[in-house]
Amino acid sequence: MPLHPEIAKFLAALPAPPQGPLDPAALRAGDEAHVAPLAERLPLHSVEDVAARIASGEVPVRIYTSAEADRYGLIVYFHGGAFFLGSLETHDHVARSLARETGLKVVSVGYRLAPEAAFPAGLDDCHAVVRWVAEEGESLAWDGITLAVAGDSSGGNFAAAVAARAHDEGFEKITHQILYYPSLDLDFDVDRYASLRENARGYGLETAGLKPFNAFYLDSGADPADPRVSPIKREDLSGLPPALVVTAEFDPLRDEGELYGRRLREAGAEATVSRYDGAGHGFVQHFSWIPEYHAVFAETRDFLRR
């Protein structure tokens, strides 16, 4: 099917991208400027900002609870943004929708960003917060059963990398990994992935922009050959938690996400790959108000219940 008309209309109205070197501070300011006012946000039972105390210091987290209960399953959520953009605020609505639709408590992580925080600072923060959540389970009213990691785009990269690292360390409490259009191979090899060629231009995220946008992370010491940086390069995917991999028809990163799902299944892990037709990269963050794309949260709920 063609690109969804609402997405096409939005993209047609975008100004031309700035010329010259990318300025992370300016791009972050532009990102934050589009955050919805508090009064317009989806109401929940409670939303609380706290600091997760980890070995290297403190990481800001925001805890979303949709309804009062004795115990909760937990989702630890990592926002996207090419490892240098995004925040608790820019993805607040995603975390709220996850909490509302799944009924689980969502812990959104304000990890450190490149280039100010070099690799593996952000990844370490995400991993440490998952450990912290398990350690603080009683205070979080965790049910001790469901502990999922989730993320969109670069946050999906972190979710996959954290799940793999936890498995290697013998930490088997992660029960699910939820990857929304994940960035899993930072080589961006156009010869390997047809979607990098087919969806190169005109759909928001452009193939030519992938390396410049990810350069803040890669130039900080993140080697694309390292499975911690490109989770799809991990040789052995056996023993990893069940995965929901959501992809978008018109996303340059579509094929690497779908390949990762196939490789998980070939390794004996459970993996559900779900492609959203008419969508481009970032649709969960930017277009989940469209009913057919808001359905991704119900799909996530159903996956977690299985």
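# A walk through a predicted model

A141 is buried, because its relative accessible area of 15% falls under the 20% limit. The model in view is a predicted one. A141 sits in the loop between α4 and β5, the strand of residues 142–152. Its phi is positive, at about 60 degrees, although A141 is not a glycine. Most residues other than glycine have a negative phi, and most peptide bonds are trans.

F188 belongs to the loop between β6 (176–180) and α6 (194–198). With a relative accessibility of 6%, F188 counts as buried, because buried means under 20%.

Next come the peptide bonds. The bond that joins A114 and P115 is cis, with omega at about 0 degrees. P115 lies in the loop between β4 (105–109) and α4 (121–135). The loop between β4 and α4 also holds P120, and the peptide bond from F119 to P120 is cis, with omega near 5 degrees.

Rolling a probe the size of a water molecule over the atoms shows where empty space is left. The structure holds 1 cavity of 30 Å³ or more, and the volume of the largest cavity is about 40 Å³. It is lined by 13 residues, of which R112, A114, A117, G122 and Y217 are the closest to its centre. By type, the lining is made up of 11 nonpolar residues, 1 polar and 1 charged.

Y217 also belongs to the largest nonpolar core, which has 63 residues. Y217 is among those with the most contacts inside this core, together with F78, V129, V130, V133, L147 and Y260. Apart from this core lies another, of 32 residues, including A150, I178, Y180 and L244. Beyond its neighbours within four places in sequence, L147 is in contact with several residues, among them V130, V133, W142 and F171.

Leaving aside neighbours within four places in sequence, R96 is in contact with L38, R41, L42, L44, V47 and Y64.

E68 is in the loop between β2 (57–65) and β3 (72–78). The C-alpha atoms of E68 and G103 are separated by 9.7 Å, and the two residues are 35 residues apart along the chain.

Methods
Residues numbered from 1 in each chain as written. Predicted model: local features only at pLDDT ≥ 70, side-chain atom pairs only at ≥ 80, totals over all residues. Heavy atoms only, no water. 1 Å grid on protein atoms, 1.4 Å probe; cavity = no way out; pocket = protein on both sides within 12 Å on 5 of 7 lines; lining within 4 Å. Points joined across faces, edges and corners; volume = space filled by probe spheres on them. Nonpolar A, V, L, I, M, F, W, Y, C, P; charged D, E, K, R; others polar. Contact = heavy atoms within 4.5 Å. Core = buried A, V, L, I, M, F, W, Y, C linked by side-chain atoms within 4.5 Å. Buried < 20%, exposed > 50% of the residue type's maximum accessible area, 1.4 Å probe, protein only. Helix = DSSP H or I, 4+ residues; strand = E, 2+ residues; numbered from the N terminus.
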